[in-house]
Amino acid sequence: MEYLLTHATLIDGTGRDPLPDAALWVRDGRIAWAGPLAALPAEARQVPDQDVSGRTIIPGLIDAHVHVCWNGRESVLELVKRDRDLIVLEAVKTLRRILASGTTTVRDIGGHDYVEMALRKAINAGFIAGPRMRTSGKVIAMTGGHGYFIAREADGPDEVRKAAREQIKAGADNVKLMATGGAATPGQDVMASQFTVEELAAAVQAAHALGRTTATHCHGTGGIKNSVLAGIDSIEHGTYLDEETAQMMVERGTALVLTLGVANPDLTDVPPAAQAEARRLESVLGTLSARMRESVQIARAKGVFIGAGSDAGGNPLAPHNFSMARELELLVDHGFSPLEALTIVTRNNARILRWENELGTLEPGKLADFVLLSANPVEHISHVRAVEAVYQGGVCVWPPSEKHLL
């Protein structure tokens, strides 16, 4: 399959300015060429083309922190009691919704009983529609730690090492640990550190030995510092980041995956099942939001490598509803330009997922995962919601054709 999209505005994900009157040449599922239409190679001039004037082409968005097994409208504490088959079927619907919003790749950062592993296989086999997936399996928590009700509980370096290896055996690309408390678990202190450096380092050693990455849920400064000292690859949330720890992250190459929607949920349309959670968190959200804004400023000033994720599904105030579009809007609200924000959720996230050689930018040789928008998101970041079509491997996967419904 080979085709050419012409007369588009092109945002290639590298951080370069948008290119007007551009062309994108797709061949055999990959980018053959991208650039000014006037500079189109001679061999491409015989390729069937489609005029997409007035549209903007961007790389497929990448969500570096999501939970596809949970609907983001009900408490995970309640959802774990649900019939497993219902969780699977709802997750299939969730994956289609994620894809339709322009997110073509995700890193599931903690699932349910390895359901996400089966879903990844189904997507790869073409049985269901959904984003490309990196998975983490069960999160690893200390006994009674944050998320214990979905976790593999482990204490001490040897047991944590074994827990990490279990997730890798199940098919994990990434090992996720809970290094601090979290607001989604009742009775937890978000500032409390929940693993020692030695315990975290044992998981890092196990993961890195087998070519996997590691990530830690971190709010409190102590947990962030422990994670950096242990060699963790990415800090998730990073709410109470300080200057000393940010400098450590720069020196050790530790990434920060921001989840700004966690501290800034949309409370305008809270379903009945989530209203109690909204009331419970009301008193802390203001503090978390203000502190997250400070952490963003510290990270930017120090030069920390930044990614972003929606944390959709992680709590009942985090629905899978253009969740990465909302994260982009919040990145801009926190001081990033629209182009910087788009680069974070494409190029940077691809690097965090160790997929940068295949995804994240629209450059020759990479997979043709891109989104066709009816408006330019650099003019206003909310235009990222104006999705006309979504492509994976050069194939239009949204809106679904009759072929996809067979």
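This is a predicted model: local features need pLDDT of at least 70, side-chain atom pairs count only at pLDDT 80 or more; totals for chains, interfaces and linings use all residues.

Modeller: Residues are numbered from 1 along each chain as its sequence is written, and side-chain values use heavy atoms, with hydrogens and water left out.

Biologist: Is helix H5 parallel, perpendicular or oblique to H6?

Modeller: Helices here (H or I, at least four residues) and strands (E, at least two) are DSSP runs, numbered from the N terminus. Helix H5, residues 197–209, packs with helix H6, residues 221–230, at an angle of about 45 degrees, and their axes are 8 Å apart; axes are lines fitted to C-alpha atoms, for helices over the stretch in contact, and angles run from 0 to 180 degrees between N-to-C directions. Angles under 35 degrees count as roughly parallel, over 145 as roughly antiparallel, 65 to 115 as roughly perpendicular and the rest as oblique. The angle therefore makes H5, relative to H6, oblique.

Biologist: How many nonpolar, polar and charged residues has the contact of H5 with H6?

Modeller: The contact (heavy atoms within 4.5 Å) is made by Val197, Leu200, Ala201 and Val204 on the H5 side and by Asn226, Ser227, Leu229 and Ala230 on the H6 side. Ala, Val, Leu, Ile, Met, Phe, Trp, Tyr, Cys and Pro count as nonpolar, Asp, Glu, Lys and Arg as charged, and the others, Gly among them, as polar. By class, the contact of H5 with H6 therefore has six nonpolar, two polar and no charged residues.

Biologist: Where around helix H7 do its buried residues lie, on the same side or on opposite sides?

Modeller: In H7, residues 243–252, the buried residues are Thr245, Ala246, Met248 and Met249, where buried means under 20% relative accessible area, exposed over 50%, and partly exposed in between (1.4 Å probe, protein chains only). Because they cover an arc of only 155 degrees around the axis, taken from the directions from the helix axis to the C-beta atoms, these residues are on the same side of H7.

Biologist: What is the relative accessible area of Asp21?

Modeller: Most residues other than glycine have a negative phi. Asp21, in strand E2 (residues 19–27), has a positive phi of about 45 degrees although it is not a glycine. Asp21 is partly exposed, and its relative accessible area is 42%.

Biologist: Is Asp28 buried or exposed?

Modeller: Asp28 is found in the loop between E2 and strand E3 (30–36), and its phi, near 55 degrees, is a positive value in a residue other than glycine. With a relative accessible area of 61%, Asp28 is exposed.

Biologist: What is omega for the cis peptide bond that joins Trp398 and Pro399?

Modeller: Most peptide bonds are trans. Pro399 lies in the loop between strand E18 (395–398) and helix H12 (402–405). For the cis bond that joins Trp398 and Pro399, omega is about 0 degrees.

Biologist: Which residues does Val296 touch?

Modeller: Val296 lies in helix H9 and is buried, with a relative accessible area of 1%. Not counting residues up to four places away in sequence, Val296 touches Leu258, Leu260, His334 and Phe336.
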